[in-house]
Amino acid sequence: MAKESNTFGGEWSIKKLDCVESYLRSYLKVMMKKNWAELYYIDAFSGNGIQRFEGTYGEDQFSIAFEDELIGKFVEGSSMRALKVSDESERSGERGFKHFCFLELSGDKLSELRSRIEDSYPHMLARCKFIQGDVNDTLPELVRSIPWKEQRGVMFIDPWATQLSWSSVESLRGARCDIWMLFPLGAIIRMLPGDHLPPREFEGALTRIFGDDGWKDLYRHERGVQLSLFDEEGQQVSRQRGTKELIDYTTDRLRTVSQCVCGPAELRTSTNAPLFALYSMLPAGSQEAIRPFKAISNHLLKSIA
């Protein structure tokens, strides 16, 4: 029986992974001569290093018998791609990442990831740190532990739904780390009805995700006549359909913790339904750092939009 994989995604997943891999290659070239800084690669929601989904194709994918019956398509996840990029860079005489931090709730997935690294990059295993637990606990703790005045890095935050809390996003403030983050656009839209405020259980989740209840400003009050027991005039609320206002609000929120925010690129299904918004952010950095960050990020995000 094959090892468990992350069964999720589609063509948009490959675009996302290809985009981040391309950024890692560019980042290492930009940092080539900045030897004063040790480089980190941090992968939040790292999974087990491989992703399984159907209906895709490409040179870097392969088929495998899954549970002796189902034939699936597999592709390297972000964690294995980061190791590959770093290894190839070092083999060509350039620099790579010195530290790899993989954050994942599932101990089984981390064990599988460790095994894959032992098989494919055994010489890099000592540079890898496997951190099990809720990312909303482990990510802020890790960010606080790194002396960013002397260190630099790239972080990929890749939740498959609404797991990431605003407190984790806020903990990134001041980190001199280039961040690529997936925002669960489709899941949020489903929690925001078009013609009334969300139910109470969704209100709490939205406030956790955005950090406050400012998301309620997405709704407009409309004067109307609602028949009640007393035939009193009431108010109705509505939200503009589509993604623009939600994306604008999300981008504004991210700008409160980050010096530079690029994107997002909307990732959609084959039927054009919104799924995620892919952002690139630099919480803190000099103008010398911001210029290449913006140029490379905007180029890559436009290429998948």
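The axes of helix α2 (residues 78–91) and helix α3 (residues 107–120) cross at roughly 25 degrees and come within 11 Å. This is a predicted model, where local features need pLDDT of at least 70 and side-chain atom pairs count only at pLDDT 80 or more, while totals for chains, interfaces and linings use all residues. Residues are numbered from 1 along each chain as its sequence is written, and side-chain values use heavy atoms, with hydrogens and water left out.

**The helix pair.** The crossing angle makes α2 roughly parallel to α3 (angles under 35 degrees count as roughly parallel, over 145 as roughly antiparallel, 65 to 115 as roughly perpendicular and the rest as oblique). Axes here are lines fitted to C-alpha atoms, for helices over the stretch in contact, with angles from 0 to 180 degrees between N-to-C directions. Helices are DSSP runs of H or I with at least four residues, and strands are runs of E with at least two, numbered from the N terminus. Which residues of α2 and α3 make the contact? On α2 they are S79, M80 and L83, and on α3 they are L113, R116, I117 and S120 (contact means heavy atoms within 4.5 Å).

**Aromatic rings.** The structure holds 13 aromatic pairs. In one of them, Y40 and W148 have ring centres 6.3 Å apart and planes at 55 degrees, so the pair is tilted (rings of Phe, Tyr and Trp, the last by its six-membered ring, pair if their centres lie within 6.5 Å; planes under 30 degrees apart count as stacked, over 60 as edge-to-face and the rest as tilted). This pair links distant parts of the chain, 108 residues apart: Y40 sits in strand β2 (residues 38–44), and W148 in the loop between α4 (135–145) and β8 (151–157). Both Y40 and W148 are buried (under 20% relative accessible area; exposed is over 50%, partly exposed in between, with a 1.4 Å probe and protein chains only). One aromatic cluster is formed by Y23, Y27, Y41, F97, F100, F102, F130, W180 and F293.

| Residue | Relative accessibility | Class |
|---|---|---|
| S78 | 8% | buried |
| L197 | 36% | partly exposed |

Not counting residues up to four places away in sequence, S78 touches L17, Y41, D43 and F156. With neighbours within four places left aside, L197 is in contact with Y219 and V237. L197 and S238 lie 7.8 Å apart in space, C-alpha to C-alpha, and 41 residues apart in sequence.
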